[in-house]
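Me: I've got a fold open on my screen and I'd like to learn how to read it. Could you walk me through it?

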Amino acid sequence: MKLRFKDWNIKVKFIVPITILSIIGAVFIFLYWTSLYKQNRIDLMLTEAKSIVYSAESVREFTSKQQQFDIFRDSLKSLDEILHTVPIFSAMKVVEQNANRLNYKFKVPKESPRNPDNEPDEYELNILKRFKSEKINEFWEIDENTNQLRFFRPVKLTKECLICHGDPANSMKYWGNDKGLDITGVKMEGWKEGEIHGAFEIMMDLTEMYAQIEKQTIYIFAITLSIALGVILMAFVISNKISKPLKNITEISNRISQGDIEVDVKSDSQDEVGALLKACLLYTSD
């Protein structure tokens, strides 16, 4: 015969629901706090990546203004000196230095890159296409294949960029040659202002982060388990406090029903159970 809940004894009725709720609550708290800790760690890394890239963009804007004021006019003698006055070049150097300090990888994936190190892989090429089609300002994702958090910020062409990457017909105007070449001797691409052909990319290895999460997970598990066990233990103690006098009442009632009125009833409780025991005491004393 199937045992129904109403047929359970008081102790079981009290302990089972509390045990179930304690386990469910412990699991929920464990999952919530581990998820929250992981998200906080990711947010921290994203903040670092954004800070690096945003600072580089500030350098790019400042260098661009310096060009507009002709600060470098007639003072540049070598190709290397000229490159260091190019806004995007200065920005790239700032990102690279800051990324290296934090042990992050930096890359500028770009369509038709002049530096072969910036040749985009399939993953990066898809991101560049998304920047063009979805017009988003930044993108990040955890790449499970490389175990990295990858942050991207598109690089939009400005007016200054067109001096090297604009219309090849302007090569005579800017660089004194009619071959469509810029100062580095590379063919000008004919790109337009506002177009996106590349992006800043910060790659962050997640090995250390996952190790910290695993360590923190152990602490969270120990705490939630301790709380759950504490609640269950308390439930056992309280259920014993309740069920024991109830058993006494049942035993006394059975003896009284059999005609035994010489029952020794003791109660120092002031609650409902104590009141029942006192009622039994009054009955046996009559």
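Me: What should the 15 residues of α3 span, and how far apart are its end C-alpha atoms?

Reply: Keep in mind that this is a predicted model. At 1.5 Å a residue, α3 should span 21 Å, and its end C-alpha atoms are 22 Å apart, so the two agree. The helix covers residues 87-101, and after it comes Asn103 with a positive phi, near 60°.

Me: Which residues of α3 are buried?

Reply: General idea to begin with: an α-helix has 3.6 residues a turn, so residues three or four places apart point the same way. Here, the buried ones are Pro87, Ile88, Phe89, Ser90, Ala91, Val95 and Ala99.

Me: And which strands does α3 lie across?

Reply: β1, β3 and β4, and the helix runs at about 10° to β4.

Me: Okay, on to the sheet. What is the order of its strands?

Reply: Strands of a sheet pair through backbone hydrogen bonds, either parallel or antiparallel. In this model, the open sheet of four strands goes β1-β4-β3-β2, with antiparallel pairing. β1 (105-107) and β2 are the edge strands, each pairing on one side only. From one strand to the next, the twist averages 20°.

Me: What sits between β2 and β3?

Reply: The two form a hairpin with four residues between them, and Asn147 in that turn has a positive phi of about 55°.

Me: Is β3 mostly covered or mostly exposed?

Reply: In a regular strand the side chains alternate between the two faces of the sheet. As for β3 (residues 148-156), it is mostly covered, with eight of its nine residues buried.

Me: How many helices and strands does the whole chain have?

Reply: Eight helices and four strands. Along the sequence they follow the pattern α-α-α-β-α-β-β-α-α-β-α-α. Of the 286 residues, 32% count as buried. The chain exposes about 18500 Å², and carbon and sulfur atoms supply 58% of that area.

Me: What share of the contacts comes from residues 24 or more positions apart?

Reply: Such residues account for 65% of the contacts in the chain with a separation of 6 or more.

Methods:
Residues are numbered from 1 along each chain as its sequence is written. This is a predicted model: local features need pLDDT of at least 70, side-chain atom pairs count only at pLDDT 80 or more; totals for chains, interfaces and linings use all residues. Side-chain values use heavy atoms; hydrogens and water are left out. Buried means under 20% relative accessible area, exposed over 50%, partly exposed in between (1.4 Å probe, protein chains only). Two strands pair if DSSP finds at least two bridges between them. Axes are lines fitted to C-alpha atoms, for helices over the stretch in contact, and angles run from 0 to 180 degrees between N-to-C directions. Contact means heavy atoms within 4.5 Å. The expected span of a helix is 1.5 Å times one less than its number of residues. Accessible areas come from the Shrake-Rupley method with a 1.4 Å probe; for residues, only the protein chains shown count as cover.
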